[in-house]
Amino acid sequence: MPRRQEARPLAEHYGDLVRVALMEARPAGLHTYQLIAATRLTRSQVGRGIRHVRDVVAAENLTPITWTRRDGYMFSDDPADWIEYDKRQFRQILGRLTRVITGTLDPHLTRYPDDEWAQLATAQLTGVRATLAQLSK
């Protein structure tokens with residue numbers, strides 16, 4: 001437990017360095033290797049900084065951090081960028097959830113059709129799956 005308390009200030013520090021680098025690059029974005037060069041952090045430290053920015057800083061500043069293959073990480077003021085990023089995230093989650101349902105729960109129910117837990121999980125996750133499918137369009 002004490003280790004987690006020590007790590008938190010580091011995540012904040014890494015997040016501050018990443019935020020400053022991204023703010024200086026605005027309106028352009030920065031790829032991971034560019035963030036590494038700009039902040040002089042390691043790849044894992046940049047990753048921790050990005051997570052901190054997503055979890056804390058973006059919510060405080062009301063500007064989400066987005067990522068695209070072309071531009072890398074960026075703070076965008078355009079709601080269309082936010083929506084497109086959100087849709088990509090929902091599609092990714094939908095893919096993972098679909099694999100859980102088809103690869104784990106469906107075979108479970110095929111072998112044990114009376115298992116109440118598997119029936120409940122399938123029913124609940126099918127609803128979540130439908131919602132994510134709508135959100136990712």
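Analyst: We begin with helix packing, where each axis is a line fitted to C-alpha atoms over the stretch in contact, and the angle between N-to-C directions runs from 0 to 180 degrees. Please keep in mind throughout that this is a predicted model.

User: At roughly what angle do the axes of α4 and α5 cross?

Analyst: The axes of helix α4, residues 79–111, and α5 cross at roughly 155 degrees and come within 9 Å. Angles over 145 degrees count as roughly antiparallel, and α4 is therefore roughly antiparallel to α5. The handedness of this crossing of α4 and α5 is left-handed.

User: Which residues in α4 and α5 meet?

Analyst: On the α4 side the residues include F90, I93, L94, L97, I101, L105 and L109, and they meet a set in α5 that includes W117, A121, T122, L125, V128 and L132. Sorted by class, the contact of α4 with α5 has 15 nonpolar, 5 polar and 2 charged residues.

User: Is T122 buried or exposed?

Analyst: The general idea is that a relative accessible area under 20% means buried, while one over 50% means exposed. T122, which lies in helix α5, residues 116–135, has a relative accessible area of 15% and is therefore buried. Leaving aside residues up to four places away in sequence, T122 touches L105 and L109, both of which are listed on the α4 side of the contact with α5.

User: At about what angle do α2 and α3 pack?

Analyst: Helix α2, residues 32–39, and helix α3, residues 43–61, pack at about 100 degrees with their axes 10 Å apart. Because angles from 65 to 115 degrees count as roughly perpendicular, that is the description given to α2 and α3. In this contact T32, L35, I36 and T39 in α2 meet R43, V46 and I50 in α3, and by class the contact has 4 nonpolar, 2 polar and 1 charged residues.

User: What is the phi of R40, and where is R40 found?

Analyst: R40 has a positive phi of about 60 degrees, although it is not a glycine, and R40 is found in the loop between α2 and α3. With a relative accessible area of 77%, R40 is exposed.

User: Which peptide bond is cis?

Analyst: The peptide bond from R26 to P27 is cis, with omega near 5 degrees, and P27 has its place in the loop between α1, residues 2–25, and α2.

User: Where is the place of D77, and is D77 buried or exposed?

Analyst: D77 sits in the loop between β2, residues 72–75, and α4, and with 56% relative accessibility D77 counts as exposed. The C-alpha atoms of D77 and Q89 are separated by 19 Å, the two residues being 12 apart along the chain.

User: How many aromatic pairs does the count come to?

Analyst: The count comes to 1 aromatic pair. The ring centres of W67 and Y73 are 6.5 Å apart and their planes stand at 55 degrees, so the pair is tilted. As for accessibility, W67 counts as partly exposed at 32%, whereas Y73, with a relative accessible area of 15%, is buried.

Conventions: Residues numbered from 1 in each chain as written. Predicted model: local features only at pLDDT ≥ 70, side-chain atom pairs only at ≥ 80, totals over all residues. Heavy atoms only, no water. Phe/Tyr/Trp six-rings, centres within 6.5 Å; stacked < 30°, edge-to-face > 60°. Buried < 20%, exposed > 50% of the residue type's maximum accessible area, 1.4 Å probe, protein only. Helix = DSSP H or I, 4+ residues; strand = E, 2+ residues; numbered from the N terminus. Contact = heavy atoms within 4.5 Å. Parallel < 35°, antiparallel > 145°, perpendicular 65-115°, else oblique. Left-handed = near helix turned anticlockwise from the far one by under 90°. Nonpolar A, V, L, I, M, F, W, Y, C, P; charged D, E, K, R; others polar.
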